[in-house]
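Grab your viewer and work through the exercises below. Try each task before reading its solution.

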Amino acid sequence: MENKAPNINFPDRVPPPDVFDDQKKTAHSFSSEQELPVLTSVNGYPIGDIMHCLQISGYPVVSDGILMEQQQLFNREKVVERAAHACGSGAFGYFEVTKDMTKYCKAKFLSAIGKKTPIFCRFSTVTYGRDYPDSARNPRGLALKFYTEDGNYDILCINFPVFFVRDPLMGSNLIYSQRRDPNNFCEPWNSTFDFMSLVPESMLANTWFWSDHGTPAGWRNMNGYACHTFKWCVAGVKNFTCSKSIRMCGEDPEYAKRDLKEFIDQGNECEWKCYVQFMTEDDVNNAKFDPFDATKMWCEDEYQLHEFGRFVLNRNPTNYHTYVEQAAFSPGSLVPGIEISPDPLLQFRCFLYRDAQMYRLGANFHQIPVNCPFMVKNHHPLLACDGRLRYDSNGGETPKYYPTCYDEFECNISMYNEQPQPINGWLSRKSSSKHEQQLPIDDEYKQARYFYFNGLNDQERKNLYSNIVYGFKYVKRRDIKMRFLICCYKVHEDYAKGICDEMTNQQDQSGIDFQQVQKIANEQFAGRHTVDLLNGYLPYPLDMT
C-alpha cells in the first residue's frame, strides 16, 4: 500500500472576514434538537471537565496537557504594546471616489468616480499607554488601510495639520517628553513644557495641542491630517473643553471607543470627506515657507482644498485583538502613482513604522487577515519566506532568488517604477529645512500667529489660556514656564498676556507676570529663539533676577 501525503491547498492571503460578512454576527444559539458544541484543546482534543485540573490528592500534575496549555497560552496572549498610538479602536468601511482625479494621479483606486475600495480605520491617542483615558489631552491618530488591487495603501494622520518636529532624530524625544514621568509615573507636564519651550518649530503644533483640539469629543468628531502629503477633513469638528475632558476621563475613560462602537452598532455610518492640496514644482521653488517641513502647513488661502473622495465606517470589528490590536500601518505602504516627498521625517517613518510592526507582530505580519492585501490578483512576494508563524504555502517550489530559469516573472514593467528625481545636496548633519538655514527667525512663528488669530475665536483663545495654565500647575521650575511664555510672546504678545492674566486669575504661585515676560523677551531674546538651532538646540541663558 502506497502512502501519499494529502493534497492540501494553503491560501496565500486570507481577507478579513468582516469585510465580506454581510450578516450581523451574534452569539451562537442552538435549539434543543441541535447538538451542543464541545470544548476542545487547540489541537482538537475534547475536554470533558473544564473546571478541574488533573491532580493527585490536591497536587496538580505537569502531565495535564489541558492545564498546561491554558496557562501557557494565558502567559503569552498579549502582543508587544505599541510604543506610540497604543490606546485605540477601529472599524471597517469603504472609500469612495467622488471627483475625477485621473489627471492628477494614476493610482487605480482613484481611477473612476463612484469606485469603492474596502478600508480599515484605526483611531488612537498617541503618547500614552493602552489603558490611558481616551478623552485626555493628547494628539489623536487616524490610520487608514486601503485594500486596493495594487496592494495595501496606508495613510497615517493626526488631528493636527502639522507635527511638533521636522527632523526624524527628534521623533523619539518628542514621544518621551509626552510620556508618563519615569520617576513617579504621573502625567509629564514638566517634560512636556520643557521640550515645547526649547523647540521653536513646534509652536504651531503646541498651540493646536493646548487648544480644545487637544481634547476632541471622541473619534467621530475630529479631522485627520496626513501632515506630509494628504489632508483628510470632516465637516463638524467637536471638542471637549479642558474641564469636560477631565470629567470624561473619570466618568467614562473609554468614551471615544464606546461612542464609535455604539454609534455603528445602532446602524449609523461615520463619514469623512477627503481633500488633497497640490503644488507644482514651480510652487515648491517659489513658496515662502518649506513645503516639506512637517511643522508647517499649506495654507488653504494659497493652496486650495480639492475634494476627491469620502470614507465611510459602517462595521465594527468582531474581535478587538484580531483586527485592532494586530492592525499594522506604515506610510511606506504605497501603491503606484503615490510616492514619497523629500520630507526627512516622512522618509524615515517609512522604515520606522514597518520595523515597529515586525518587532511587534513578527516578520509575517502581512499574513494576519486585517493586514493581508486580499484585493491583489497577483501576489508573489519573492523574498518574503519562512519566519515565525508562516502558514501559507511559503512560495511552494518557487526559488527564493532572482534571476532564475525555474520560473518566469514579468519584472520590467516601467509603469510601476518610481519617477526619476534629480537630487543635489551635501551629506551632513544639518537640517534641510529652509527655516533653519535661510528664512528669518520670525518665520517659525508666522503660521502659529495666523492660527491664533484666524483659527480660534475669542472663547477658544480663552480656553487655550486656561488649558495651558492648568498644565502649568504641575510644572515646578519657573524657568520652564518662562521659556514657554517667551515662545508664546514671539507668536504674539496677546498670546503671552492672555496666559499671564489667566495665571493671575488661577492664583499661579510662580510669581511671573506679563511685564516680566515682555522685558526678558525683548532684552534677552530679541532676534533669536530660546535655543541655538545651529548649536545642537542648546538653550540660551535665562536671567530671571
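This is a predicted model: local features need pLDDT of at least 70, side-chain atom pairs count only at pLDDT 80 or more; totals for chains, interfaces and linings use all residues.

Residues are numbered from 1 along each chain as its sequence is written, and side-chain values use heavy atoms, with hydrogens and water left out.

**Exercise 1.** Find the strands that pair with β4, and work out how many residues of β4 are buried.

*Solution.* Helices (H or I, at least four residues) and strands (E, at least two) are DSSP runs, numbered from the N terminus. Two strands pair if DSSP finds at least two bridges between them.
- Step 1: β3 (residues 88-97) pairs with β4 in the antiparallel sense over 9 bridges. Phe 92 stands opposite Phe 120 in β4.
- Step 2: β5 (residues 140-148) is also antiparallel to β4, over 7 bridges. Here Arg 122 has Ala 143 of β5 as its bridge partner.
- Step 3: Buried means under 20% relative accessible area, exposed over 50%, partly exposed in between (1.4 Å probe, protein chains only). In β4 (residues 116-125), 9 of the 10 residues are buried, so the strand is largely enclosed by the rest of the structure.

**Exercise 2.** Which residues touch the most other members of the largest nonpolar core?

*Solution.* A nonpolar core is a set of buried Ala, Val, Leu, Ile, Met, Phe, Trp, Tyr and Cys residues joined through side-chain atoms within 4.5 Å.
- Step 1: The core has 61 residues, and Phe 164, Phe 193, Trp 210, Ile 468, Tyr 495 and Ile 499 touch the most other members.
- Step 2: Elements giving two or more residues include α4 (189-197), α5 (203-210) and α14 (478-491). The top contributor is α14, with 9 residues.
- Step 3: Domain 1 (88-371) and domain 2 (456-535), with bounds from an automatic or database domain assignment, both give residues to this core, so it lies between them.

**Exercise 3.** Where does Phe 164 turn up besides the core?

*Solution.* Phe 164 is one of the residues touching the most other core members. Look also at Val 126, Pro 139 and Gln 178: along with Phe 164, they are among the residues lining the second largest cavity.

Methods:
On a 1 Å grid over the protein atoms alone, a cavity is a set of points where a 1.4 Å probe fits but cannot get out, and a pocket is an open set with protein on both sides within 12 Å along at least five of seven lines; lining residues have an atom within 4 Å of a point.
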